[in-house]
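I open the notebook on a new model. I want the fold of one chain, then the surfaces where the copies touch.

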4 protein chains.
Amino acid sequence: MSTNKVHPVALIGVGRIGAIHFKNILNNHDLSLKWVIDVNEKAAQEFASKVPGCQASSSTTKMLEDASIEGVIICSPTAEHTKAILDCLRAGKAVMCEKPISLNLEDIDLCYNESKRLNIPLLCAYQRRHDESFAKARQTINNGSIGKVQIVRSTSRDHPLPTLNFLKISGKIFHDCTSHDIDMVRWLTGEDPCEVFAFGSAFRSEIASLHDWDTVTINLKFPSGVLATIDVSRFAAYGYDQRIEIHGDQGMVQAFNQQPTSCVVSTHEGVKSDPYFHSFPQRYEKTYATELAHFVRVIRRETEPMVNHDDIKKVTIIASAAERSCETGAPIKLTY
Amino acid sequence: MSTNKVHPVALIGVGRIGAIHFKNILNNHDLSLKWVIDVNEKAAQEFASKVPGCQASSSTTKMLEDASIEGVIICSPTAEHTKAILDCLRAGKAVMCEKPISLNLEDIDLCYNESKRLNIPLLCAYQRRHDESFAKARQTINNGSIGKVQIVRSTSRDHPLPTLNFLKISGKIFHDCTSHDIDMVRWLTGEDPCEVFAFGSAFRSEIASLHDWDTVTINLKFPSGVLATIDVSRFAAYGYDQRIEIHGDQGMVQAFNQQPTSCVVSTHEGVKSDPYFHSFPQRYEKTYATELAHFVRVIRRETEPMVNHDDIKKVTIIASAAERSCETGAPIKLTY
Amino acid sequence: MSTNKVHPVALIGVGRIGAIHFKNILNNHDLSLKWVIDVNEKAAQEFASKVPGCQASSSTTKMLEDASIEGVIICSPTAEHTKAILDCLRAGKAVMCEKPISLNLEDIDLCYNESKRLNIPLLCAYQRRHDESFAKARQTINNGSIGKVQIVRSTSRDHPLPTLNFLKISGKIFHDCTSHDIDMVRWLTGEDPCEVFAFGSAFRSEIASLHDWDTVTINLKFPSGVLATIDVSRFAAYGYDQRIEIHGDQGMVQAFNQQPTSCVVSTHEGVKSDPYFHSFPQRYEKTYATELAHFVRVIRRETEPMVNHDDIKKVTIIASAAERSCETGAPIKLTY
Amino acid sequence: MSTNKVHPVALIGVGRIGAIHFKNILNNHDLSLKWVIDVNEKAAQEFASKVPGCQASSSTTKMLEDASIEGVIICSPTAEHTKAILDCLRAGKAVMCEKPISLNLEDIDLCYNESKRLNIPLLCAYQRRHDESFAKARQTINNGSIGKVQIVRSTSRDHPLPTLNFLKISGKIFHDCTSHDIDMVRWLTGEDPCEVFAFGSAFRSEIASLHDWDTVTINLKFPSGVLATIDVSRFAAYGYDQRIEIHGDQGMVQAFNQQPTSCVVSTHEGVKSDPYFHSFPQRYEKTYATELAHFVRVIRRETEPMVNHDDIKKVTIIASAAERSCETGAPIKLTY
């Protein structure tokens, strides 16, 4: 329980991920929620009404003028990120923005350059970095327990299947999904890949008709010789599946899936435990709260944003190259 | 996110368990904390100062007079429970009291009879009943998955070793620790044991000098033929260890320990995962919040307290009999 | 692959366990099977016919006169053990006899005293001592990894349910089943218990009508303060279940059940792996071969039998006392 | 215990894998070992001397003339396979030959065509197909439990590091190691890949100097859209590591590594179990015996060889293409 100053913040967007951050803001006693913004004003009001002293609006105008606001959590659709980020930074408010900042490098540079120029922090929300299990995997690598890294394997299979409406605006599987794995692989190895190759399939016709893929594998090669494979699916029937494995010359570390309870039932049919978590809100329940606590420290200038301009730029370059490899059938050399 | 009425509550006692409930009250948006009471007024003030509009006091007097208070969470030492419970009930406030209500049956009856007479609910906090894994085990039994129950095994091994000061006032191992297992065994089987036998050892001299035990095993027999064993230790070097296993004629259900992360490290030395949780605040972090949510429903008279007079009375009778068996070396027939 | 002398041996009894030893004798290239004896001569012939140079008989007479025979593996019914053991020892043949040697202490003493007098080794087959997992548990204790032992928990649940014909001559659950657990607890702790208490139930009416139990729990206390619980069932619906757990002041070691394959299937219903092994021949497949290799070393006088007179005597005393405790409802002090 | 005819067989080569087959031949009571052949005649004699009636030789000449021999197990170096296979087939002896039959397609065709022409079976030993866990994975796929296959991941990491002498003649990592994974992926999916891409690294300078790789990742695409990744390392510090995972639209099946015992030790440092098996003789101990039992049925013409001409040819084509992809940096379209 910190006795530090409480920071007034605003929340933009109260969709699926916005609702998660809303709950965590309320439970983070270093933050006080003063504004809820959503183009759907009714939704904004519904959320705001649960918090004494919190205002609702369908536009950011008044919030940006509210000098008391120190930070803004942006959960609006990707297409609206750049403008919202720039507006908030220029109003002097620290920003935590859901990924991706943008799908094009120009807007990414624009946002981060403005952040640098104004000296106002911009944090892109890659929540996996705040997850205890992935963080422990990284710590295991960094303390030398598995020696020199040689192979990384990252698996992400979503559950449940996203809606067609979401898929249409998702930015496609490479930018929407594999970007998390690409970020994780870079973060764990501390190295940027030099070449990428990808295969993709669309088992579902509605996804094929969007010229998107529901299943992809990516191969990465790093200057030091590290090899990485990523496999991603839009749908795992058995629940939310995100695992990582790192093989070094002294050992291996794996971060496995988690289950809601520790119950195991044994019958003549076998030994059975819970399905994996339903989806990301359950799997990363604690992780999102940890991420928000990191943003508090960012607001306080106690730490730099854990994910920075260089990270976002490189992940975008790699995801775009993987997508191009998948389209052209050729491996792509990476330059940054 | 409920849109129901928010209930003003008071917290008595801000020691180890009081601090846990304090945090959960703040995060439960159906409750608002208005009073923090502790004989150590400074401690009370420190907690209260973190909550806008919350008052502190070293006595319950003013809080009892505060007609707005609908519920009280009692976390003071056991010796003070009876008076606090009676005072709160008589002031019309629903009570959630940490276990045990009291070590003697007369006081237990006194409290529950007053609760009944006044029609003000009294909830004794046996948090394990609210734990997802133990609840799932019970549900597995109740839906018939393992058939007719035949053997129950319950293990509770504490970590870290409680302080000597705490051990002096703990009520000894049978009432302080095994009572949880006894409650769990009754709850899972839906049956009251008819005979008990116990062995006890004191490996630590400081515990022996208190005429207490640090290690006990309890054997229970039930009218239906179910047999149960309980083993309890004051200290598990490897972390907080609480497991349960139920063997039925169609299968078995086990609730295992849990670990902070899902990381597994493999080296030439073996395959290693995290130590178990450090202690009860970590192991039952979510459980305590669920318990408090149950108390909200109790305050609202939406449900009866999950743990009732009959439960508390019988657990106390069984724990006392187990203690007497351990002292006399003879099995004890149980009557209620 | 040893280049040592090959030892001619005889097998008495080709029932369930005899068939297991038969196969292992053939696969042990330090032994050559020369005689198969069974009261059912046809069965004896069927087995012998598979081995070049192996003779069959319904009586031990000629085998005992065969001076080439160095060792005999006795798998006949318990009632015939004493005579067979004495005959073999007196004919100068090392003996490996299935447990129990006998249900009464006089015959046990008779056999072992004759073994001692003649200096011909007698090995009683407690196969669990030769199991890699239980042996590793003991080694973990003995190398100090878990510190001073405080609690031992042993579970044995049989599968499938033995036939009624077998149950009638089994010697009842305490001598037939719990004796294995008693041996294991003594072997792991290196200590003899000083007091025993037991509860028993007969959920199956056919077992009740034999004045036997199908479900028992045993509590043991040791002079050093160690406490042990044993739970045993004649039937586990989910497969053969034998586990042990030892809690010391520095840690815990557990030997879990094993499964036929390492396959895990995840679907929306949960995460499922194989049922446990079907029964003892599968679970202890490798263990029985290891046990027989130990007998080769016994024949060669390279080692003393791992299970000796003292072990068998004490296990029998403890099992009898547990049975008496279960019948009388009183704990029993143990003297040896 | 079969009562069928016993088949006289010969063993060519008593190196590492030959010694494993030698032991299994002795334990397979449907086979009798009559000849041991090795260019090192002393080694051949040492093995033969352990088996009554078994002859040794440094050449195959006399064995080929021995009309009683029905089958030959070939474990000589790869370079000698083709001649030995042709000689044996032409002498009318069923052949089980260690993989690879040959590294070039012409010799493979030559051997299998001769087998077909003479109607004498030729079995190439891909032992993983006989492994219970991998077989269970395939059965899980085939019975529809995981629906339509979408992603396959195969991992093979060797332990201990092979000697430099072996590496020089191994045929390099793609043919020596990844061929097993390629076979497994084809066998599990029942489909031939249409495109392959591979990255390779040589972390060890002695391996780099052989123009070989110690670490490779392979991406495969199948006509149905199935995607597969294979990662292979010459050295896993933590033991022998071979796992497979298949993700379908209804679920996932995984075959995990196995450990020598089921012991788990918990201390303040964590929860630790055994290292994985030391190497292939331990991991596949039972598998090799199952494979030999399959060869018995092949000798008896009760079944076709589980691995056939088509399998060997395609695996070789794919492994060669993967190697070429790794060398050229370009994906390779596969035609058969």
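Through which surface do the copies, chain A and chain D, meet? I checked the interface residues: 100% of those of chain A are also interface residues in chain D, so the copies meet through the same surface. I count two residues as in contact if their C-beta atoms, placed from the backbone, lie within 7 Å.

Ground rules. This is a predicted model: local features need pLDDT of at least 70 and side-chain atom pairs pLDDT 80 or more, while totals for chains, interfaces and linings use all residues. Residues are numbered from 1 along each chain as its sequence is written, and chains are lettered from A and ligands numbered from 1 in the order in which they are written.

Entry: I found 12 helices and 15 strands. These are DSSP runs (helices H or I, at least four residues; strands E, at least two), numbered from the N terminus. The C-alpha trace spans about 55 × 55 × 45 Å along its principal axes. The radius of gyration of chain A is 20 Å, which agrees with the value near 20 Å for a compact globule of 336 residues. I took that radius over C-alpha atoms, and the globule rule is 2.2 Å times the number of residues to the power 0.38. Of the 336 residues, 55% count as buried (20 or more other C-beta atoms within 10 Å of the residue's own, C-beta atoms being placed from the backbone). I also looked at contacts between residues at least 6 apart in sequence: in chain A, 68% of them join residues at least 24 apart.

Entry: A against D. The contact takes 26 residues from chain A and 26 residues from chain D. On the chain A side, β7 (149–157), β8 (195–201), β9 (215–221) and β10 (227–233) each give two or more residues. By class I get 9 nonpolar, 12 polar and 5 charged residues on that side. Ala, Val, Leu, Ile, Met, Phe, Trp, Tyr, Cys and Pro count as nonpolar, Asp, Glu, Lys and Arg as charged, and the others, Gly among them, as polar.

Entry: A against B. Here 28 residues come from chain A and 29 residues from chain B. Strand β13(A) runs antiparallel to β12 (residues 251–255) of chain B, joined by 4 bridges. Pairing needs at least two DSSP bridges. A:Val264 stands opposite B:Gln254 in β12(B).

Terms used: A residue is buried if 20 or more other C-beta atoms lie within 10 Å of its own, exposed if 12 or fewer, and partly exposed in between; C-beta atoms are placed from the backbone.
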